[in-house]
Amino acid sequence: MTSLGEPYIPHGGPPQTPLPSPQIFTAMGNEGIYAMLADFYRLLGKSKISNMFPNSEEELLAASRRSAAFFVQICGGPQQYTEKYGPPRLRARHMPFAISLADKAVWLDCFREVIETAPEKYGFPRQHIDGFIAWLTAFAGWMVNQRE
Ligand code: HEM
């Protein structure tokens with residue numbers, strides 16, 4: 001959580017996995033994606049890596065909205081994140097946090113939990129879950145910056 005000496009660089013560099021289907025944004029819209037990310041951050045806030053995230057409900061929700069803006073744009077929606085915050089450069093933006101493989105596993109487990117009920121709750125198109133998770137898993141690997 002603090003550290004950080006030399007960052008760990010995952011083998012293979014940035015992932016080349018295809019982006020999630022743009023039909024995800026078409027189906028969910030801003031509303032569905034923001035609601036899904038709010039619930040994902042609530043889970044993170046109760047997880048083993050909760051110490052990385054804001055304590056207050058209000059700040060946690062604000063953090064979820066920054067993430068949601070990014071997910072809107074990679075799921076085929078408008079470039080909201082880039083317009084508000086500039087180029088994503090997410091590996092660099094995650095550098096202030098020490099992220100190990102174990103942390104990544106917790107993060108992905110929280111996302112998988114949210115995705116399980118996402119078709120009913122937020123209109124996530126079921127046929128695009130596998131592609132979304134494949135992209136998410138590869139991309140999460142690229143956020144890892146610490147050996148265990
Ligand atoms: C691998 C495990 C990951 C961990 C432990 C992690 C952790 C974090 C933390 C602690 C923040 C800052 C929260 C705050 O604002 O207080 C953050 C922000 C963010 N994360 Fe992650 N993250 C991970 C993976 C990912 C992945 C895979 C993505 C995208 C697919 C992602 C997208 C974002 C975005 C868009 C932000 C907002 C950056 C901003 O504030 O502008 N993260 N993450």
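Visitor: In which helix is H94 found?
Guide: H94 belongs to helix α4, residues 90-94; helices (H or I, at least four residues) and strands (E, at least two) are DSSP runs, numbered from the N terminus. This is a predicted model, in which local features need pLDDT of at least 70 and side-chain atom pairs count only at pLDDT 80 or more, while totals for chains, interfaces and linings use all residues. Residues are numbered from 1 along each chain as its sequence is written, and side-chain values use heavy atoms, with hydrogens and water left out.

Visitor: Which protein donor does the iron atom of the ligand have?
Guide: The only one is NE2 of H94, at 2.0 Å. Donors are N, O and S atoms within 2.8 Å of the metal (3.2 Å for Na, K and Ca); water is not among the atoms, so sites may look incomplete.

Visitor: And how many residues surround the ligand?
Guide: There are 22, and the closest are R66, S67, Y81, H94 and W107.

Visitor: What lies 2.6 Å from an oxygen atom of the ligand?
Guide: A polar side-chain atom of R66 does. For Y81, a polar side-chain atom lies 2.4 Å from an oxygen atom of the ligand. An N or O atom in the W107 side chain is 3.3 Å from a ligand nitrogen atom.

Visitor: Which elements give two or more residues to that shell?
Guide: They are α2 (57-74), α4, α5 (101-116) and α7 (129-143).

Terms used
A residue is near a molecule or strand if one of its heavy atoms lies within 4 Å of it. A polar contact is a pair of N or O atoms within 3.5 Å; within protein, one must be able to donate a hydrogen and the other to accept it, and residues adjacent in sequence count only if both atoms are side-chain atoms.
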